[in-house]
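Hello,

Here is the structure you are taking over. Please open it first, then read the notes below.

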Amino acid sequence: MSPLKAEHLPHYTYADHAQWEGRWELIHGVAFAMAPAPSPRHQMVSQKIAAELEHCLSNCPQCHALLPVDWRIADDIVVQPDNLVICHEPEGAYLDQAPHLIFEVLSPATALKDRNIKYELYERAGVLYYCLVDPQHNQATIYKLVNDRYVKEADISKESFDFEWEGCHLSFNFSKIWGETV
């Protein structure tokens, strides 16, 4: 028996993705179910990231903090980052421009995809900052795009980190996202 080959798999596009029920990501034509639902800890950390982003961006009229939305990178690549910052007015059913900042909250079901597949996708798509948040260890790893490659900027637990781009400055306090356990 021969191993499974890529040409044997279905190759989906955004048109297919738009018809599906539930939460899905599409990466190079391969469908990834966004299930099981994130754990309560994952959701609490993500909610606190959203609140801190809203606070940090309260005086910035052009930037918006968003929770998971479809970002169509290509016709066969649609992802839903956990938390993101865009600095344009979105139009239509999905984003079509790279966010400036993405937070992915790691979970056992998504960590491998977030650390590898999405890391490479976001790097190639031009996301300026990629932040991997590990709620199990109360630590975030921040990468910055430098010369089209991600460079590790910091491992952060309780500190603040200054994200900067095109006249925007966002001082994000990571101690506020972990809850009472830090």
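Buried residues account for 45% of the 182 residues in the protein. Keep in mind that this is a predicted model.

**Overall build**

The protein has 3 helices and 12 strands. Its radius of gyration is 17 Å, close to the 16 Å that the globule rule gives for 182 residues, so the protein is as compact as a globular protein of that length. Along the principal axes, the C-alpha atoms fill a box of roughly 55 × 35 × 35 Å.

**Salt bridges**

How many salt bridges does the structure hold? The count is 8.

Start with Glu 25 and Lys 113. Their closest N and O atoms are 2.6 Å apart. Glu 25 sits in strand 1 (residues 24–27), and Lys 113 in helix 3 (residues 111–125).

Next, look at Glu 104 and Lys 118. Their side chains meet in a salt bridge of 2.9 Å, N to O. Glu 104 belongs to strand 7 (residues 101–105) and Lys 118 to helix 3, so the pair ties together parts that are 14 residues apart in sequence. Glu 104 counts as buried at 1% relative accessibility. Lys 118 is buried too, with a relative accessible area of 2%.

These residues belong to a network. Salt bridges link Glu 25, Glu 104, Lys 113, Asp 114 and Lys 118.

Now turn to Asp 155 and Lys 152. Their side chains form a salt bridge at 2.7 Å, N to O. Asp 155 is partly exposed, at 38% relative accessibility. Lys 152 is partly exposed as well, with a relative accessible area of 48%.

Strand 8 (residues 129–134) pairs with strand 9 (residues 139–146). The sense is antiparallel, over 6 bridges. Val 133 has Ala 140 of strand 9 as its bridge partner. The hairpin of strand 8 and strand 9 has 4 residues between the strands. There, Asn 138 takes a positive phi near 50 degrees.

Strand 9 also pairs with strand 10 (residues 149–156). Again the sense is antiparallel, this time over 7 bridges. Ile 142 stands opposite Ala 154 in strand 10. Strand 9 and strand 10 form a hairpin with 2 residues between them. In that turn, Asn 147 has a positive phi of about 50 degrees.

**The largest pocket**

How much space lies in the largest pocket? About 580 Å³. The pocket is lined by 32 residues. Closest to its centre are Pro 38, His 42, Val 105, Ser 107 and Thr 110. Which elements give two or more residues to the lining? They are strand 2 (30–33), helix 2 (40–56), strand 7 and helix 3. By type, the lining residues divide into 15 nonpolar, 8 polar and 9 charged.

Best wishes

Key. Residues numbered from 1 in each chain as written. Predicted model: local features only at pLDDT ≥ 70, side-chain atom pairs only at ≥ 80, totals over all residues. Heavy atoms only, no water. Salt bridge = Lys/Arg side-chain N within 4 Å of Asp/Glu carboxyl O. Buried < 20%, exposed > 50% of the residue type's maximum accessible area, 1.4 Å probe, protein only. Pairing = 2+ DSSP bridges. 1 Å grid on protein atoms, 1.4 Å probe; cavity = no way out; pocket = protein on both sides within 12 Å on 5 of 7 lines; lining within 4 Å. Points joined across faces, edges and corners; volume = space filled by probe spheres on them. Nonpolar A, V, L, I, M, F, W, Y, C, P; charged D, E, K, R; others polar. Rg over C-alpha atoms; globule rule 2.2 N^0.38 Å.
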